[in-house]
Amino acid sequence: RCKDEFQAYLREKFTVSSYNERYDVLNSINICSYVTTNIDNIIQCVMDHSKRYSLFNVVEYGAKRGSSSLLFIPLHGNVKYLNSDLYFGKNELANVDTDNKDLFDLMHGELLKAPTLFWGYGFHDNAVERTITILLQEGHQDIWILCRPGNTNIDYFRDLGCHVIEGETLELLDWIEENCSEMQPESPDSIDTSSLQQYLIPSLNSL
């Protein structure tokens, strides 16, 4: 009954001002796109410290982007984009793939292009689960899923043809740091802008 107040509450509740710096290792590996059902701005915080990527929100700018732009698809909205609705309750989530059909169609196309890692996702959203089912029916897809040890769905995911990583988020971040961070060096065109930070146009995340 109080949609505006609820939206304002969600934005206040899920806006992140600080985060675990171990997430910064994501800036050192190859990423094609970032598709999320989370409404928080953790990924914006991480990419604000990146010398390799700039975040490109398709809701704001469309699907065309530069080679160093990381495609960002917020399926359920995002706290930093005030013109997007935040989908959080069961009633809203039931219709999200209809309301945001363009985003779900774009997600389907992106997941066909490269191996996909489902990270911190519980598969509680029927709309996303339907898309994954279609992907698996279309043929073999290189899909990886991070599951906590003892997760009762591990065998189910393996039966679907998915690869399973058993562990916690911080364990995977540490593994990436130890094994992958030096495999993909930063672009030679990147420059250190730390001394110019005060003169740069602020990111949307900092406003």
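1. Basis. The model is predicted, so that local features need pLDDT of at least 70 and side-chain atom pairs count only at pLDDT 80 or more, while totals for chains, interfaces and linings use all residues. Residues are numbered from 1 along each chain as its sequence is written, and side-chain values use heavy atoms, with hydrogens and water left out.

2. Overall fold. The protein chain has 9 helices and 6 strands, these being DSSP runs numbered from the N terminus (helices H or I, at least four residues; strands E, at least two). Of its 207 residues, 38% are buried, where buried means under 20% relative accessible area with a 1.4 Å probe, protein chains only. Among contacts (heavy atoms within 4.5 Å) between residues at least 6 apart in sequence, 61% join residues at least 24 apart.

3. Nonpolar cores. The largest nonpolar core holds 24 residues, and those with the most contacts inside it are Leu75, Phe104, Ile132 and Ile145. At least two residues of this core come from each of β3 (69-74), α6 (101-111), α7 (126-137), β5 (143-147) and α8 (154-160). Apart from it lies another core, of 10 residues, including Ile43, Cys45, Val46 and Tyr81. A core here is a set of buried Ala, Val, Leu, Ile, Met, Phe, Trp, Tyr and Cys residues joined through side-chain atoms within 4.5 Å.

4. Largest pocket. About 1400 Å³ of space lies in the largest pocket, the volume being the space filled by probe spheres set on grid points that are joined across faces, edges and corners. Of the 38 residues that line this pocket, the closest to its centre are Ile31, Thr116, Leu117, Phe118 and Trp119. Two or more lining residues come from each of β1 (33-36), α2 (42-47), α6, β4 (116-118) and α9 (169-179). A pocket is an open set of points, on a 1 Å grid over the protein atoms alone, where a 1.4 Å probe fits, with protein on both sides within 12 Å along at least five of seven lines; lining residues have an atom within 4 Å of a point.

5. Gln7. This residue has its place in helix α1 (residues 3-14) and is buried, with a relative accessible area of 10%. A polar atom of the Gln7 side chain lies 2.9 Å from the backbone nitrogen of Leu86. Not counting residues up to four places away in sequence, Gln7 touches Ser84, Asp85 and Leu86.

6. Ile39. The loop between β1 and α2 contains Ile39, which is buried at a relative accessible area of 5%. Leaving aside neighbours within four places in sequence, the contacts of Ile39 include Leu10, Phe14, His76, Val79 and Phe88. Leu86 is also in contact with Ile39; the two are 47 residues apart in sequence and 6.8 Å apart in space, C-alpha to C-alpha.

7. Ser50. In the loop between α2 and β2 (54-57), Ser50 counts as buried at 15% relative accessibility. The backbone nitrogen of Arg52 lies 3.0 Å from a polar atom of the side chain of Ser50.

8. Glu110. Helix α6 contains Glu110, which is buried, with a relative accessible area of 7%. Leaving aside neighbours within four places in sequence, Glu110 is in contact with Ser33, Leu71 and Ile73. Glu110 and Val35 are 75 residues apart in sequence, and their C-alpha atoms are 8.8 Å apart in space.

How values were computed: Buried < 20%, exposed > 50% of the residue type's maximum accessible area, 1.4 Å probe, protein only. Polar contact = N/O pair within 3.5 Å; in protein donor to acceptor, adjacent residues only side chain to side chain.
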